[in-house]
Amino acid sequence: MQAAQEGQPEEEQTQAARQDQAEAASGTGFPASPLDILALVWIAGTVAFLGYEMVCWLRIRRLTFQAVRFEDDVYECDAIPSPFVMGIFRPVLYLPFGLSDEERTMILLHERCHIRRKDHIVKFVSMLLLAVYWFHPLVWAAFRFMSADMEMSCDDCVMERMGTGSKEEYSRCLLGLAVNRQPSAGILAFGESAVKARVKNILRFRKRSGFVRRTTAVCGIVLLAVLVTNGTGPGSGLSYGGYVRSGSLENPTEQLSAGIDYRMDRRSESAAFYCELWVDGELAGYRLIDVFEIGDGENRLPAEGTFVLERTLDLEDTARWAMDTRLSVAGFPAGVSRTIGSVSLSGSEPGGFMEDFCVEERAEKRALSHEDDIVLAAFHLARDYPDGTASVYGVSAEELSDRNSGAYWQNDLQRTNGGELIWRMAVSERTAEELEAAYAVPPAVKIMQEAATPYIGDNAADMDALNAVYVQELGAFELILQTESEPYGLTLAFQEECADPDAWNQKMQTKAVLLLALIDNAEQIRWTYPKETENGEIQTAIGMMDLETAQEITGTEDIKSCADDAQMLADLWMCAAGTKLFDRYTAGAL
């Protein structure tokens, strides 16, 4: 009995020791399970990969911070060795300085081919897949082959456009801009992968014959028909063609009526009609005429019918003129025609009038994509000169559809009209309520509002704001930022002498007011331009608009708040530009 009693504590002591060892094995040290260890390694690899990509992205972002806009989505930078596309939702092209015109043309063709095919999005998704499967060699191999095929496909696109005679120049350009190492898995660099193979592919390139292209197209159509089980109908939201029904385009005093046949696809849910009045290149009036749901019914816009645009001029009073414009639709049940809306203008000293319609011949057929709009008709108003003469120019509706085309105003006033009354239409897959909310204010104002930036210093954001108020139409300029001390602002150093300094400065003042509203911490906008003196010497003239002056001339207590409200921003624009404009034109229905 005594031996048993003495052995009991030893057994308990042994069990306690085993428990301590088990607890130590499963305690706060490394997990004992191999799967747990592998999971930690995988997480560490993913974090390291994403961290490396983030460092690469920040490094490239720092290099391109001082990039200068070349055109819409193209920037030039002297700190980068090779062109590339950067961005996901709003891709931007960056080019190194010093490219020749031929090199720039070829590179832009290549990179814009990437953007059209959404390759920048594919690259970004591929980077995320690499972050997850960084350990898998087949994933890396697939990424490498995909990148090479992607680049060769765009090279072929350039060759198709430039012709086989440009093989040598394009190969030399590619070799000269080859990147020694890939900047980032999510960025499309011009010379980033398989440069040797690409050059060989370019030199072997042969333009495909018409038979091959047609055969490929037929096979693609058949394959698409087999794979797609839920057809979406035609790609265009609106198909249209037109003809002049009565009156004469050459004789402005006659009543003119132009018809435009149209047909909308089954995905079109709504359509909006609106009218803009532009005077001397600035928005002077806007009116949302009406928004319709598409379909059958008394209050719906027929999916197929005819738009009829009418213009009547009253020139009986030699001192004044009046113009009435009206849009109606034929195609309602029982052959009923319904007026959508009308806009009237009047003014003094009638110098001349002209019209342009989106389609002017019955045989013409065009299409409009969803979430886009077109100019149905443009009524041009002459520019009057101090010597009593006037001139009016025909500007196509297609040119006026692009607000950056330079068709609204140019530095040479003798090449632009005094005003444009424009009827526009938008077709959408959105509901009528959503479309009405989207067009409650002018689309150009929405673009301005999207370009608003909180501070001066972001060169790209400042250029977006400058482009949104159409500063580029005043001529080429150098942007100088004033951020070292208050008052913060920017200076635009224009390089071209303006034909009419008074009209030019009036426009620059309007744009300066808008820039003060869009750039939150901007307190003054300055501009310089060459000006010829009476002695024939060229001197630098200086203009300036500060916050206090802008608020005084527009009667606005807080200009900065206008950027937060689209309607207030629209009112500010028309107020800043309208002091002199409405002495000549009055828009009764606007």
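**Aromatic pairs and burial**

Student: What makes Tyr470 count as buried?
Tutor: In this predicted model, Tyr470 has a relative accessibility of 8%, and because buried means under 20%, Tyr470 counts as buried.

Student: How many aromatic pairs does a search of the whole structure find, and why is the pair of Phe49 and Trp140 called edge-to-face?
Tutor: The search finds 17 aromatic pairs. For Phe49 and Trp140, the ring centres are 5.9 Å apart and the planes stand at 70°; since a pair needs centres within 6.5 Å and an angle over 60 degrees counts as edge-to-face, this pair is edge-to-face.

Student: Which parts does that pair tie together?
Tutor: Phe49 belongs to helix α2 (residues 34–63) and Trp140 to helix α5 (residues 137–162), so the pair ties together parts 91 residues apart in sequence.

Student: Is Phe49 buried or exposed, and what is Trp140 called?
Tutor: With a relative accessible area of 10%, Phe49 is under the 20% cut-off and therefore buried, whereas Trp140, at 36%, falls between 20% and 50% and is therefore partly exposed.

Student: Why is the pair of Trp278 and Tyr470 called edge-to-face?
Tutor: The centres of the rings of Trp278 and Tyr470 are 6.4 Å apart, which is within 6.5 Å, and their planes are at 75°, which is over 60 degrees, so the pair is edge-to-face. This pair links distant parts of the chain, with Trp278 in strand β8 (residues 270–279) and Tyr470 in the loop between α12 (459–468) and β19 (477–482), 192 residues apart.

Student: How do you know whether Trp278 is buried or exposed?
Tutor: The relative accessible area of Trp278 is 3%, under the 20% limit, so Trp278 is buried.

How values were computed: Residues numbered from 1 in each chain as written. Predicted model: local features only at pLDDT ≥ 70, side-chain atom pairs only at ≥ 80, totals over all residues. Heavy atoms only, no water. Phe/Tyr/Trp six-rings, centres within 6.5 Å; stacked < 30°, edge-to-face > 60°. Helix = DSSP H or I, 4+ residues; strand = E, 2+ residues; numbered from the N terminus. Buried < 20%, exposed > 50% of the residue type's maximum accessible area, 1.4 Å probe, protein only.
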